[in-house]
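Reader: I'd like to talk through the charged side chains in this protein with you. Could you take me through them pair by pair?

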Amino acid sequence: MRVYVPLTLPGLAEAYKTGELGAGPFVAYAVTPGLREWYVSDDVEELEYAALGRAALASLRLLAAEPEAPRRRVVIAVDVADRAASADPGRGLDPAAPGEVRVEGAVPLGKAASVHIDAEDAQADVTAAAEALPAADGGDEDAQLVVDGAEDHELLWFATQEIANLVGRGD
């Protein structure tokens with residue numbers, strides 16, 4: 001199963017340093033029955049893109065909680081065994097939960113398929129979106145428009161061999 005793990009650049013640097021993602025159950029996003037129902041599509045590529053988008057929003061939430069992290073959303077796509085990731089059926093109706101899965105244990109970074117990161121020109125919109133999240137969560141429609149503005153920026157695709165350069169540890 002391909003899962004999309006939300007991170008920040010410091011989180012990516014830590015994964016690069018340790019050679020693994022997470023230490024035990026952590027949240028990721030995947031094509032789940034709930035995501036299929038929420039997105040209403042049978043196109044696997046569209047569903048994968050939707051799962052990536054859910055992970056990008058989760059990365060934005062991580063940025064809101066880490067004010068010192070560079071303001072760029074980070075998502076890493078990782079292949080795990082089907083039994084290693086599970087959706088919580090109790091959260092099926094939660095609007096924040098489509099595609100959410102729990103990955104039970106640490107995943108070797110070698111299982112990563114790709115890394116997705118905002119371009120540098122997205123930083124102003126991502127910064128504003130992270131600051132607007134609490135108000136948007138409270139129902140403020142103007143704040144929600146600011147949060148949605150970050151989604152106007154496509155995440156750039158990087159090969160896993162580029163992680164060292166992305167986290168500033170390239171030779």
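Author: Happy to! Let's begin with a helix: in this predicted model, the side chains of Lys-17 and Glu-14 meet in a salt bridge, 3.9 Å from N to O.

Reader: Why does that pair count as a salt bridge at 3.9 Å?

Author: The cut-off asks for a side-chain nitrogen of Lys or Arg within 4 Å of a carboxyl oxygen of Asp or Glu. Lys-17 and Glu-14 have an N to O distance of 3.9 Å. The pair therefore qualifies, being within 4 Å.

Reader: How far apart are Lys-17 and Glu-14 along helix α1, in helical turns?

Author: Both residues sit in helix α1, which covers residues 9-18. They are three residues apart, so the separation is about one helical turn.

Reader: Is Lys-17 buried or exposed?

Author: Exposed means over 50% relative accessible area. Lys-17 has 58%, so Lys-17 counts as exposed.

Reader: Which elements does the salt bridge between Arg-61 and Asp-137 link?

Author: The closest N and O atoms of Arg-61 and Asp-137 are 2.8 Å apart. The two residues are 76 residues apart, and the pair links distant parts of the chain: helix α3 and helix α4.

Reader: And which residue forms a salt bridge with Arg-2?

Author: Arg-2 lies in strand β1 (residues 2-7), and its partner is 77 residues away in strand β4 (residues 74-79). The closest N and O atoms are 2.8 Å apart, and the partner is Asp-79.

Reader: How many salt bridges does a search of the whole structure find?

Author: We have talked about some of them here, including Arg-2 with Asp-79. Searching the whole structure gives a total of four.

Note on methods
Residues numbered from 1 in each chain as written. Predicted model: local features only at pLDDT ≥ 70, side-chain atom pairs only at ≥ 80, totals over all residues. Heavy atoms only, no water. Helix = DSSP H or I, 4+ residues; strand = E, 2+ residues; numbered from the N terminus. Buried < 20%, exposed > 50% of the residue type's maximum accessible area, 1.4 Å probe, protein only.
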